[in-house]
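Q: Please take me through this model and show, for each term used, how the value leads to the conclusion.

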Amino acid sequence: MRVSLPIGFRWCLLLVVLLQAVHCAKKPLKITWDQFRSAITTNGFPLPSEAQYEGFVHTLEYAGITTKREAAMFLAQLIHESGGLQFKEELAYKDKSDDPYKSDIDVPGKRYFGRGYIQLTWAENYLNASKGIYGDDRLLQNPDLVAKDEDAAFLTAGWYWKTRVAVVPGVKKGRFGESTRAINGVVECNGEYLENSKNRFKYYKVVFEIFGAKGKPNEKGCYN
């Protein structure tokens, strides 16, 4: 005997199915602690902390990174930018009196040299990252948070990736060189520091294999 369900009940049932489908579609990308640890140490850097692993995994979701290929690209760039997650401040300018990053929106007494795992620079970027992540200007008012707070160090890197790197045509398609160009292309893709950009790709190849990404690492987009 066929039973006819009330219209309201049928709509509720359909909604539950749709919500379950959306939940499955947004399932976070799984990178294990062993993969993360191995990606750092195999590239010749010290063992990272579990707090760094948690920060990295959380940031993948924030940055909209859903494939192991893009996760490998992201981590490879962080490895280069931070010396294997060892440094969260731009050592070249931290203790110097001259400031190449001065601008009209600087807060008096604050400096906006590179901080975080992707070396965020300039007051404008600190402000935009702060608004994008927290909805306020806390990072403009206190830029040291990007170096001292583990979550801020990763989330600002994720913000930069999401808004400045992943939007570049080719990055989502796996062209690693395009991500390098978006981060430091003026210096490393067309300048005298080509060896730096080639080192970034070397890190990427190692992470790509350890993460088990599909396909082959694509070097195109920077110096070739």
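A: In this predicted model, G212, which comes just after α11, takes a positive phi of about 70°.

Q: How do you know that the length of helix α11 agrees with its number of residues?
A: Helix α11 holds 18 residues, 194-211, and at 1.5 Å a residue these should span 26 Å; the C-alpha atoms at its ends are 26 Å apart, so the two values agree.

Q: Which residues of α11 are buried, and what covers them?
A: The buried residues of α11 are S197, R200, F201, Y203, Y204, V207, F208 and F211. Because they cover an arc of only 165° around the axis, they lie on the same side of α11. Their cover includes α2 (33-41), α3 (50-62), α4 (68-82) and α10 (176-188).

Q: What makes the phi of L85 worth a remark?
A: Most residues other than glycine have a negative phi, whereas the phi of L85, a residue other than glycine, is positive, near 65°. L85 sits in the loop between α4 and α5 (91-94).

Q: Why is L85 called buried?
A: The term applies under 20% relative accessible area, and L85 has 5%, so L85 is buried.

Q: What is the phi of Q119, and where is this residue found?
A: Q119, also a residue other than glycine, has a positive phi near 55°, and belongs to the loop between α5 and α6 (123-134).

Q: Why does Q119 count as buried?
A: Its relative accessibility is 16%, and the cut-off is under 20%, therefore Q119 counts as buried.

Conventions. Residues numbered from 1 in each chain as written. Predicted model: local features only at pLDDT ≥ 70, side-chain atom pairs only at ≥ 80, totals over all residues. Heavy atoms only, no water. Helix = DSSP H or I, 4+ residues; strand = E, 2+ residues; numbered from the N terminus. Expected span 1.5 Å × (residues − 1). Buried < 20%, exposed > 50% of the residue type's maximum accessible area, 1.4 Å probe, protein only. Arc of directions from axis to C-beta. Contact = heavy atoms within 4.5 Å.
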